[in-house]
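Here are my notes for you, one point at a time. Have the picture open while you read.

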Amino acid sequence: MAKTIKGQRAVVVTTAQRGVFFGYATDTDGEQIALTRARLCVYWSSDVNGFMGLASGGPTAGCKIGPAADITLRGITAVLETTPNAVKAWEAAPWSR
């Protein structure tokens, strides 16, 4: 089971605008999702093996991950449960140049 913070699940969310976000959510039903400590994946490297790899293994050194912020996302296309290893990688991911 993915890590929880104050009852929130760790998830990766994709949007119709091609955004890929990691964060913590209480409710993932409906047309919008509020994420706390959300981080945007601006770029993922090929070793991640696609956006689903961001939920299973998390970002790698070649990825570009933005800083954390609370956000409400609209236009949701997918909500992916994350593995404990992915959560660790997302929480530790620096911006790579």
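1. Gly53 sits in helix 1; helices (H or I, at least four residues) and strands (E, at least two) are DSSP runs, numbered from the N terminus. At 10% relative accessibility, Gly53 counts as buried. Buried means under 20% relative accessible area, exposed over 50%, and partly exposed in between (1.4 Å probe, protein chains only).

2. A quick word on what you're looking at. This is a predicted model, where local features need pLDDT of at least 70 and side-chain atom pairs count only at pLDDT 80 or more, while totals for chains, interfaces and linings use all residues. Residues are numbered from 1 along each chain as its sequence is written, and side-chain values use heavy atoms, with hydrogens and water left out.

3. Now turn to helix 2, residues 84–92, where Ala86, Val87, Ala89 and Trp90 are buried. Looking down the axis of helix 2, you'd find its buried residues within an arc of 165 degrees, so they line one face of the helix. (The arc is that of the directions from the helix axis to the C-beta atoms.) As background, an α-helix has 3.6 residues a turn, so residues three or four places apart point the same way.

4. What about the face of helix 2 turned away from its buried side? That face carries the exposed residues Asn85, Lys88 and Ala92. The cover over the buried residues of helix 2 includes strand 2 (8–15), strand 3 (20–25), strand 4 (32–43), helix 1 (51–56) and strand 5 (64–65).

5. Next, the inside. A nonpolar core is a set of buried Ala, Val, Leu, Ile, Met, Phe, Trp, Tyr and Cys residues joined through side-chain atoms within 4.5 Å. The largest one here has 16 residues, and Val12, Phe22, Cys41, Leu54, Ile65 and Trp90 touch the most other members. Strand 2, strand 3, helix 1 and helix 2 each give two or more residues to this core. Apart from it lies another core, of eight residues, including Val13, Leu35, Ala38 and Leu73.

6. Not counting residues up to four places away in sequence, Phe22 touches Ala10, Val11, Val12, Leu35, Arg37, Ala38, Arg39, Thr82, Val87 and Trp90.

7. How many salt bridges does a search of the whole structure find? The search gives two, a salt bridge being a side-chain nitrogen of Lys or Arg within 4 Å of a carboxyl oxygen of Asp or Glu. In one of them, Glu81 pairs with Arg9, with the closest N and O atoms 2.7 Å apart. Glu81 lies in strand 7 (residues 76–81) and Arg9 in strand 2, so this pair ties together parts that are 72 residues apart in sequence.

8. Arg37 also forms a salt bridge, with Glu91, and here the closest N and O atoms are 3.5 Å apart. Arg37 belongs to strand 4 and Glu91 to helix 2, so the pair ties together parts 54 residues apart in sequence. Arg37 is partly exposed at 39% relative accessibility, and Glu91 is partly exposed too, at 32%.

9. Last stop: Ala61, in the loop between helix 1 and strand 5. Is Ala61 buried or exposed? At 70% relative accessibility, Ala61 counts as exposed.

Terms used
Contact means heavy atoms within 4.5 Å.
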